[in-house]
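Hi there,

Here is the structure I promised to pass on to you. Have a look at it first, and then read on for what turned up in it.

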Amino acid sequence: IEFIIADGRLSIDEADVWNRQIRRFSNDRYREWYITSDITVEIPENVHLTELQFDIQGSVQADNIEADSVQINDINGNTCRMRQCRFGTLYSSGSSNLHISDTAIQQQLSLHSINGNIKLKNLSAPSAEIISENGSLYAERIAFDELLCETESASCKITGSISKTAVITTEYGNVALELDETAAAEKIAVHSNNGNVMLKGL
């Protein structure tokens with residue numbers, strides 16, 4: 001593992017991950033040589049990060065972090081868990097399984113997943129864009145001003161409040177949208193070609 005600190009930026013690079021993964025699954029004689037890494041970074045209290053970027057080939061957990069911009073890149077379908085965080089923007093791409101709870105987004109939430117499942121709980125954001133092709137979307141007690149959600153064959157279930165606009169589109173998945181009785185949205189639009197639609201508390 002290489003650690004580089006320069007110009008206020010900390011970079012952690014775990015080398016040879018790809019070759020070690022191949023050797024682990026292709027030949028039993030290398031199993032004793034393979035080492036599964038566990039990298040822990042502790043950020044002191046009251047430290048506010050400008051940028052946080054994950055280019056991952058393994059699972060990640062982030063707890064109680066403040067950052068202006070967060071980027072998650074993953075193509076292998078690993079799990080990324082975030083709890084009790086405060087971000088300006090949060091972007092993800094690839095096939096990550098995203099589990100985000102008790103987190104506040106101040107500006108923009110943009111989650112794009114090809115095959116990964118997305119689970120959100122107690123998450124707030126003024127603007128949210130969630131695109132999931134084949135994985136499921138489960139959002140519980142969310143608080144969004146605007147929501148744009150697109151799924152291909154994935155089903156989605158969303159509960160919480162949307163104060164302005166929600167546009168949900170799916171090809172083959174089922175859609176369940178249940179708003180708080182105290183919430184009042186300006187516009188709700190749901191489009192489904194082959195999936196079932198359940199709307200409650202509008």
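A contact here means heavy atoms within 4.5 Å. With that in hand, residues 24 or more positions apart account for 4% of the protein's contacts with a separation of 6 or more.

Before the rest, a word on the source. This is a predicted model, in which local features need pLDDT of at least 70 and side-chain atom pairs count only at pLDDT 80 or more, while totals for chains, interfaces and linings use all residues. Residues are numbered from 1 along each chain as its sequence is written, and side-chain values use heavy atoms, with hydrogens and water left out.

**The whole protein**

The protein has one helix and 14 strands; these are DSSP runs numbered from the N terminus, with helices (H or I) of at least four residues and strands (E) of at least two. Of its 202 residues, 35% are buried. Buried means under 20% relative accessible area, exposed means over 50%, and partly exposed lies in between (1.4 Å probe, protein chains only). The accessible surface is about 11900 Å², and carbon and sulfur atoms hold 44% of that. Such areas come from the Shrake-Rupley method with a 1.4 Å probe, and for residues only the protein chains shown count as cover.

R141 sits in strand β10, which runs over residues 137–151. R141 has a positive phi of about 55° although it is not a glycine. Leaving aside residues up to four places away in sequence, R141 touches K121, N122, L123, T159 and G160. Between R141 and N122 there are 5.1 Å from C-alpha to C-alpha, with the two 19 residues apart in sequence.

Q84 belongs to the loop between β6 (79–83) and β7 (86–94). Because its relative accessibility is 46%, Q84 counts as partly exposed.

**A nonpolar patch**

Which residues form a nonpolar patch on the surface? They are I1, F3, I5, L10, I12, I39 and V41, with about 690 Å² of accessible area together. For such a patch, residues need over 30% relative accessible area and no salt bridge, and nonpolar side chains (Val, Leu, Ile, Met, Phe, Trp, Tyr) are joined within 5 Å. A salt bridge puts a side-chain nitrogen of Lys or Arg within 4 Å of a carboxyl oxygen of Asp or Glu. β1 (2–6) and β2 (9–13) each supply at least two residues of the patch. I5 is found in β1, and I5 counts as exposed because its relative accessible area is 71%.

Enjoy exploring!

How values were computed:
Patch = residues over 30% accessible without salt bridge, like charges linked within 9 Å, V, L, I, M, F, W, Y side chains within 5 Å.
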